[in-house]
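Subject: Structure handover

Hello,

Here is the structure for you to look over. My notes follow below it.

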Amino acid sequence: MKKFKFQLETLLKVTRRKKDDAEMKFAEASRYLEECREKLQILMRELQEVQEEFAALTGEGKKITIGRIMLYNQFFNWKREQIEQQQQVILKATQDKQQKLKALMKIMTYLKSIEQLKEKRLREYNEAALLEEQKFLDEIGLQLHIRRN
C-alpha cells in the first residue's frame with residue numbers, strides 16, 4: 001500500500017505560519033498595552049508628587065505668590081492633559097489587542113479544523129491499510145489451507 005499523504009499539507013503548514021504570526025502580533029500588542037499602562041502610572045505618580053509638593057508649599061501660615069500658584073495650576077492642567085491622552089492611547093491599544101486576539105482565535109479554529117481533518121484521513125488510511133493487510137493474510141491462509149487438502 002502506498003504511503004499516507006495528506007492532500008492539504010501545504011495549507012496546514014501555511015496556516016501554522018499564520019498562527020505563529022498572529023501569536024507574535026498579539027504578544028506585541030499585549031506588550032505595547034502594558035508599556036502604555038506603565039507610562040500612565042508614571043504620569044499619575046508625577047502628578048501626585050507635585051500635588052503633595054504644592055500642598056506642602058500652601059500649608060498653614062505659609063505664603064505663596066500668585067505667580068507660583070498660576071505656575072502650579074498650568075503644570076496640573078498640562079499633566080492632566082497628558083494623562084487623558086495616555087488614557088486614549090490605552091483605549092486604542094486595548095482595542096488593537098482585542099482585534100489581534102480575535103484574528104488569532106479565528107486562525108486557531110481554522111488550524112484545528114484542518115488538523116482534525118488530517119487525523120480523520122490518517123485514521124481512514126490506517127483502517128484501509130489494516131483491511132488490506134487482513135485481506136492479504138486471509139488469502140495466504142486460504143492458499144495454505146487449499147495446499148494441505
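First, a convention for what comes later: a crossing is called left-handed if the near helix is turned anticlockwise from the far one by less than a right angle, and right-handed if clockwise. Helices (H or I, at least four residues) and strands (E, at least two) are DSSP runs, numbered from the N terminus.

The model is predicted, so local features need pLDDT of at least 70, side-chain atom pairs count only at pLDDT 80 or more, and totals for chains, interfaces and linings use all residues. Residues are numbered from 1 along each chain as its sequence is written, and side-chain values use heavy atoms, with hydrogens and water left out.

Overall shape

The protein chain has 2 helices and 0 strands. Its C-alpha atoms fill a box of roughly 125 × 25 × 15 Å along the principal axes. The radius of gyration is 35 Å, whereas a compact globule of 149 residues would have one near 15 Å. That radius is taken over C-alpha atoms, and the globule rule is 2.2 Å times the number of residues to the power 0.38. Of the 149 residues, 16% count as buried. Here buried means under 20% relative accessible area, exposed over 50%, and partly exposed in between (1.4 Å probe, protein chains only).

Helix packing

Two packed helices are described by the angle between their axes and the distance between the axes. For α1 and α2, the angle is about 160° and the axes are 7 Å apart. That makes α1 roughly antiparallel to α2. The crossing of the two is left-handed. By class, their contact has 30 nonpolar, 7 polar and 18 charged residues.

The cut-offs behind those words are as follows. Axes are lines fitted to C-alpha atoms, for helices over the stretch in contact, and angles run from 0 to 180 degrees between N-to-C directions. Angles under 35 degrees count as roughly parallel, over 145 as roughly antiparallel, 65 to 115 as roughly perpendicular, and the rest as oblique. Ala, Val, Leu, Ile, Met, Phe, Trp, Tyr, Cys and Pro count as nonpolar; Asp, Glu, Lys and Arg are charged; the others, Gly among them, are polar.

Salt bridges

How many salt bridges does a search of the whole structure find? The count is 7, each being a side-chain nitrogen of Lys or Arg within 4 Å of a carboxyl oxygen of Asp or Glu. Three of them are described here.

K118 and E9 meet through their side chains at 3.1 Å, N to O. K118 lies in helix α2 (residues 66-148) and E9 in helix α1 (residues 9-57), so this pair ties together parts that are 109 residues apart in sequence. K118 is partly exposed, at 24% relative accessible area. E9 is also partly exposed, at 22%.

R16 and E115 form a salt bridge at 3.4 Å, N to O. R16 is in helix α1 and E115 in helix α2, so the pair ties together parts 99 residues apart in sequence. R16 is partly exposed at 35% relative accessibility. E115 is partly exposed too, with 27%.

K100 and D96 form a salt bridge at 2.9 Å, N to O. Both sit in helix α2, 4 residues apart, and are separated by about one helical turn. K100 has a relative accessible area of 24% and is partly exposed. D96 is partly exposed at 28%.

Distances along the chain

Q74 lies in helix α2 and is exposed, with a relative accessible area of 52%. Q74 and K118 are 44 residues apart in sequence and 65 Å apart in space, C-alpha to C-alpha.

E133 is found in helix α2 and counts as partly exposed at 48% relative accessibility. The C-alpha atoms of E133 and Q98 are separated by 52 Å, with the residues 35 apart along the chain.

K13 is in helix α1 and is partly exposed, at 46%. K13 and D138 are 125 residues apart along the chain, and their C-alpha atoms are separated by 40 Å.

Best wishes
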